[in-house]
Amino acid sequence: MKKIVLTFGLIIGTILCANMIVMVNMMYGDTVFKGNDIVGYTALIVLFSLIFFGVRNYRNKQLNGAISFGRAFKIGALIAFVASTMYVVIWLFYYYLFVPDFIDVYTAHVLQTCTTPEELAIRTREMADFKEMYKNPLFVILVTYSEVLPIGLAVALLSALFLKKKENS
């Protein structure tokens with residue numbers, strides 16, 4: 001089980017980290033960067049769909065084609081956790097060593113999308129609060145996990161539902 005969890009978790013984590021670094025660099029390199037949340041989350045779902053193949057691989061090769069929902073979810077969740085942890089660790093290094101002004105750059109991008117003075121005022125306050133909270137490394141860790149782990153867990157849940165299979169008597 002460990003080999004499957006680590007293999008699939010590290011594959012997903014590596015791709016997640018590469019994507020994160022590319023997106024951050026695009027934001028830094030393009031003053032009118034327009035992110036797309038729908039495309040971003042769709043890419044995460046597609047990437048985390050590798051969990052399905054990890055659980056299926058474990059079920060078919062280690063358990064002779066039978067797995068309970070709980071065990072399937074556990075394996076999927078562990079894969080998601082490994083990938084998400086890798087993402088968090090790489091982000092911490094990247095943020096603190098290479099892009100310590102990320103929040104300022106991100107704030108500028110968020111404020112560019114405001115269309116009314118009222119919206120600008122609200123967003124300016126929100127981003128100032130966010131910047132203050134981002135000074136705490138624990139907050140950075142929690143926010144970074146919250147970007148990817150829930151999606152991984154949702155895919156693990158769906159994978160467990162589709163892959164559960166009782167043993168033939």
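**A walk from the ring cluster to the core**

Select Phe98. At 60% relative accessibility, Phe98 counts as exposed. The cut-offs, with a 1.4 Å probe and protein chains only, are under 20% relative accessible area for buried, over 50% for exposed, and in between for partly exposed.

This is a predicted model: local features need pLDDT of at least 70, side-chain atom pairs count only at pLDDT 80 or more, and totals for chains, interfaces and linings use all residues. Residues are numbered from 1 along each chain as its sequence is written, and side-chain values use heavy atoms, leaving out hydrogens and water.

**Stop 1: the rings**

Show the rings of Phe, Tyr and Trp (its six-membered ring). They pair if their centres lie within 6.5 Å; planes under 30 degrees apart count as stacked, over 60 as edge-to-face, and the rest as tilted. The count comes to 13 aromatic pairs. Take Tyr94 with Phe98: the centres are 5.7 Å apart and the planes at 40 degrees, so this pair is tilted. Tyr94 is buried, at 11% relative accessibility.

Next, pick Tyr95 and Tyr96. Their ring centres are 4.8 Å apart with planes at 70 degrees, so the pair is edge-to-face. Tyr95 is buried at 7%, while Tyr96 is partly exposed at 39%. Now widen the selection. Ring pairs join these residues into a cluster whose members include Trp91, Phe102, Tyr106, Phe130, Tyr134 and Phe139.

**Stop 2: the largest nonpolar core**

A nonpolar core is a set of buried Ala, Val, Leu, Ile, Met, Phe, Trp, Tyr and Cys residues joined through side-chain atoms within 4.5 Å. The largest one has 44 residues; Ile12, Leu16, Phe48, Ile51, Trp91 and Phe102 touch the most other members. α4 gives the most to this core, with 12 residues. Helices here are DSSP runs (H or I, at least four residues), numbered from the N terminus.

Centre on Ile12. Beyond its neighbours within four places in sequence, Ile12 is in contact (heavy atoms within 4.5 Å) with Leu47, Phe48, Leu50, Ile51, Ile79 and Ala83.

**Stop 3: helix α2**

Which residues of α2 are buried? Leu44, Leu47 and Phe48 are. Seen down the axis of α2, the buried residues fall within an arc of 90 degrees (from the directions of the C-beta atoms from the axis), so they line one face of the helix. Turn to the other side of α2: Ile38, Val39 and Val46 are exposed there. The cover over the buried residues of α2 includes α1, α3, α4 and α7.

**Stop 4: Ser84**

Finish in helix α4, at Ser84. Ser84 is buried, with a relative accessible area of 0%. Not counting residues up to four places away in sequence, Ser84 touches Phe48, Tyr145, Val148 and Leu149.

Note on methods
Helix = DSSP H or I, 4+ residues; strand = E, 2+ residues; numbered from the N terminus.
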